[in-house]
Amino acid sequence: MSRERKRRARSRTRSHLDALVISTLQPHEYDLDPACISLICPSCRTWVPIRVAQTERATAKLVPHHTEPAGTEDPVRCPGSHRLVDINVTVERWSQRLTEGIAETNGRRSNCVTRKPRATVAPAVMQIVGGLVDDKTARKLDEAHIKGCSPCSVRDDDGTFLRAADVESRCADGRRLAQLAAHTKRVGPARRKAQMEREEWSDRWERGRRLLHQVLWHQHAKAVGDADAQRVDDALTAVIQTLNPHKPEAPQLTDWERAELMGVIALLATQKEQLERRR
């Protein structure tokens with residue numbers, strides 16, 4: 001029986017690039033696992049298998065590969081194809097370097113536990129609306145709460161409402177509403193006075209702005225009117241010259257185009273007349 005022949009690389013093509021030495025690469029840039037020996041091609045930065053021949057004369061080379069994804073029409077071959085590879089690192093040494101690198105990376109990670117900030121207690125509804133209601137609204141809220149809350153109201157045997165309970169015997173919301181009503185009643189006059197002052201200052205500022213606008217407009221009204229009149233006059237002159245039949249370069253217009261230009265002339269003439277009246 002014939003014995004099995006040792007396999008070798010069928011292609012003798014070699015890349016023009018220098019041989020790639022494994023020891024010059026980082027441990028994570030190549031894989032010496034016998035099941036699939038490969039590395040990251042320096043030219044295209046993709047993982048490429050290494051073809052290792054079984055004969056002593058042949059050398060290891062990168063398999064031919066393309067820079068485009070599989071299935072691309074007219075792919076371009078990477079210049080790193082058929083590049084010689086000098087495998088001068090053993091599998092044990094590569095595995096040791098990879099393990100040391102992982103241990104060093106894990107050592108740089110902090111084991112300190114960062115505590116999240118404790119969630120604050122949300123304010124009560126009465127605390128939120130405290131600065132948004134006036135004294136009348138606060139009093140109505142307090143009265144409505146008293147009529148609907150049994151601890152905050154005093155009733156007879158038949159359940160008829162008599163009066164409001166003392167502040168100390170009320171519920172939590174009832175006490176807050178009572179405090180809110182008392183606070184808004186105390187600061188109500190000052191708040192209304194400040195509101196009136198703000199409205200007065202706002203009216204003064206609006207009147208001053210309008211007066212300034214009128215003064216500026218009177219200063220430039222004549223120049224603006226002259227510019228508008230000149231613009232309308234220039235546009236009217238240009239349209240009339242377009243309809244001049246004695247002009248050699250006058251365009252040949254259809255009846256619809258001529259009617260449209262006549263409408264434009266009428267509109268410009270009206271605008272010119274209105275501007276002259278204003279002046």
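Tutor: D74 is exposed, because its relative accessible area is 73% (exposed is over 50%, buried under 20%, partly exposed in between; 1.4 Å probe, protein chains only). The model is predicted, so local features need pLDDT of at least 70 and side-chain atom pairs 80 or more, while totals for chains, interfaces and linings use all residues. Residues are numbered from 1 along each chain as its sequence is written, and side-chain values use heavy atoms, without hydrogens or water.

D74 sits in the loop between β5 and β6. Its phi is near 50°. That is a positive value, in a residue other than glycine.

Now move along to S81. This serine lies in the loop between β5 (60-62) and β6 (84-86). Helices (H or I, at least four residues) and strands (E, at least two) are DSSP runs, numbered from the N terminus. Is S81 buried or exposed? S81 counts as buried, because its relative accessibility is 5%.

What lies around the side chain of S81? A polar atom of this side chain is 3.1 Å from the backbone nitrogen of H65. The backbone oxygen of C78 is 3.0 Å from a polar atom of the S81 side chain. Both are polar contacts (N or O atoms within 3.5 Å, one able to donate a hydrogen and the other to accept it; residues adjacent in sequence count only if both atoms are side-chain atoms). Leave aside the neighbours within four places in sequence. S81 then touches S15, L62, V63, P64 and H65 (contact: heavy atoms within 4.5 Å).

Step back to the whole chain. It holds five helices and eight strands. Their order is β-β-β-β-β-β-α-α-α-β-β-α-α. Of its 279 residues, 21% are buried. Take the contacts with a separation of 6 or more: 49% of them join residues 24 or more positions apart.

Another loop also has a positive phi. R45 lies between β3 (38-40) and β4 (47-51). Its phi is about 55°, although R45 is not a glycine.

One aromatic pair is present. Y30 and W94 form it, with 6.4 Å from centre to centre and 40° between the planes, which makes it tilted (ring centres of Phe, Tyr or the six-membered ring of Trp within 6.5 Å; planes under 30 degrees apart are stacked, over 60 edge-to-face, the rest tilted). Y30 belongs to strand β2 (residues 30-31) and W94 to helix α1 (residues 91-108). They are 64 residues apart, so the pair links distant parts of the chain. Y30 and W94 are both buried.

Strands β7 (residues 153-155) and β8 (residues 161-164) pair in the antiparallel sense over three bridges (pairing needs at least two DSSP bridges). R155 stands opposite F161 in β8. Five residues lie between the two strands, and G159 in this hairpin has a positive phi near 90°.

Last, helix α4. A182 lies in this helix, which covers residues 172-242. A182 counts as partly exposed, because its relative accessibility is 42%. The C-alpha atoms of A182 and R139 are 8.5 Å apart, although 43 residues separate the two along the chain.
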